[in-house]
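Please look over the sequence and the model before reading on.

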Amino acid sequence: DSAKNVIKRVNAGGVATFAGGGQAGLANGSPLEALFSAPAALAYESRQFGPVVFVADSGNDRVRRIHLSSQTGEATGVDEVAGVFTGVNSVATVDGAPFFVAGSDQSGVWRWDANATVTLPVALPNSSISAVAVDVRGNVYVGDRGRHEIWRRTPAGDIQVIGAASDPSGIAIDEGGNVYVTERASHSILKISESGVSTIVAGLLTSGFQNGNAGEATFNAPE
C-alpha cells in the first residue's frame, strides 16, 4: 500500500497490515515498527534467501526484506539489502535464484545473489525502466517505459527486444514462456508469446472499471 507506507496481506480472513508502522520513514526492526516510504513492488523467495518478501521501497531508494517464519508464515522482522538503488520500482526472483532490482533512474537492472554480490547484468543507458521479471530458466525481462519496449536477457547474456508495449508497468511470465505486460497508457493486458507474437488478451484500450470476460473487461492504468 504505497499511499499508506505499509505492506498488507490478503488471505481467507481478510486484509490486514503485514509490515510497516503506517508513516513514511526508514527503520528496520519488528514488522509493525519498521517504516517504509512508498513501497512499490514485492517478490517472494523461500529457498536461497528465505522465506522472505523483498520490497522495492521506492521512497527510500532501498530494497527491504520482510523475514517470515518457516512454520507459520508470519513476519518476524524487517531489514534491508546493502546498497542504494535510485528510483527503485521493481523487484523480481524465483525460488533458488538471485533477485533482480530495477529503477527508473538506474538505466539498468541489478542482480543480487546470496553472497551479497551485486552486478549489473542488464545495462540500458538512457532508458526508463518500469518493470522487471525473471522466469525459471533464468531469463530476465525488462519493461522500458521510455522506449515502450520489452527486453529479454538470456542466461548467456544475449539481450534483445521481444515486443513493443505502451507504457509497460508490470511483467509476468507463465510456465509456457508467454510474457504478460500491463500497458498503463492503453489500459490493457498484452501477451507476448514465446515466438514473439503480441496480442491484447484483456482490456478495451479505454479506461474503465468493468469485470466480465476478456473481451468486455476494462482497466484503468493497470500496474
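**Overall form**

The structure is a predicted model. Its protein chain contains 18 strands and zero helices. A compact globule of 223 residues would have a radius of gyration near 17 Å, and the protein chain agrees with this because its own value is 17 Å. Along the principal axes, the C-alpha atoms of the protein chain fill a box of roughly 45 × 40 × 30 Å.

Of the 223 residues in the protein chain, 47% count as buried. The protein chain exposes about 10,400 Å², and 50% of that area is supplied by carbon and sulfur atoms. For contacts between residues at least 6 apart in sequence, 32% join residues at least 24 apart.

**Nonpolar cores**

The largest nonpolar core comprises 14 residues. Those with the most contacts inside this core are Phe54, Val63, Val81, Val91, Phe99 and Val101. At least two residues of this core come from each of the strands β3 (39-45), β4 (52-57), β7 (88-92) and β8 (99-103). Strand β4 gives the largest share, with three residues. Another core, of twelve residues, lies apart from this one and includes Ala92, Val109, Val142 and Trp151.

Leaving aside residues up to four places away in sequence, Val81 touches Phe54, Val63, Arg65, Phe99 and Trp112.

**Individual residues**

Most residues other than glycine have a negative phi. Asp167, which is not a glycine, has a positive phi of about 55 degrees. Asp167 is found in the loop between β14 (159-164) and β15 (168-173). Ala221 likewise has a positive phi, near 50 degrees, and is a residue other than glycine. Ala221 lies in the segment after β18 (198-202).

Pro222 is also found in the segment after β18. Not counting residues up to four places away in sequence, Pro222 touches Ser169, Thr182, Glu183, Arg184, His187, Ser188 and Ile189. The C-alpha atoms of Pro222 and Ser186 are separated by 9.0 Å, and these residues are 36 residues apart along the chain.

Val15 is placed in strand β2 (residues 14-19). When residues up to four places away in sequence are left out, Val15 touches Lys8, Arg9 and Val10. Val15 and Val55 are 40 residues apart in sequence, and their C-alpha atoms are 18 Å apart in space.

Which of these residues count as buried, and which as exposed? The table sets out their relative accessible areas.

| Residue | Relative accessible area | Class |
|---|---|---|
| Asp167 | 14% | buried |
| Ala221 | 17% | buried |
| Pro222 | 10% | buried |
| Val15 | 57% | exposed |

The classes follow from two cut-offs: a residue is buried under 20% relative accessible area and exposed over 50%. Asp167 therefore counts as buried at 14%, and Ala221 counts as buried at 17%. Pro222 is buried because its relative accessibility is 10%, whereas Val15, at 57%, counts as exposed.

Definitions and conventions
Residues are numbered from 1 along each chain as its sequence is written. This is a predicted model: local features need pLDDT of at least 70, side-chain atom pairs count only at pLDDT 80 or more; totals for chains, interfaces and linings use all residues. Side-chain values use heavy atoms; hydrogens and water are left out. Helices (H or I, at least four residues) and strands (E, at least two) are DSSP runs, numbered from the N terminus. The radius of gyration is taken over C-alpha atoms; the globule rule is 2.2 Å times the number of residues to the power 0.38. Buried means under 20% relative accessible area, exposed over 50%, partly exposed in between (1.4 Å probe, protein chains only). Contact means heavy atoms within 4.5 Å. Accessible areas come from the Shrake-Rupley method with a 1.4 Å probe; for residues, only the protein chains shown count as cover. A nonpolar core is a set of buried Ala, Val, Leu, Ile, Met, Phe, Trp, Tyr and Cys residues joined through side-chain atoms within 4.5 Å.
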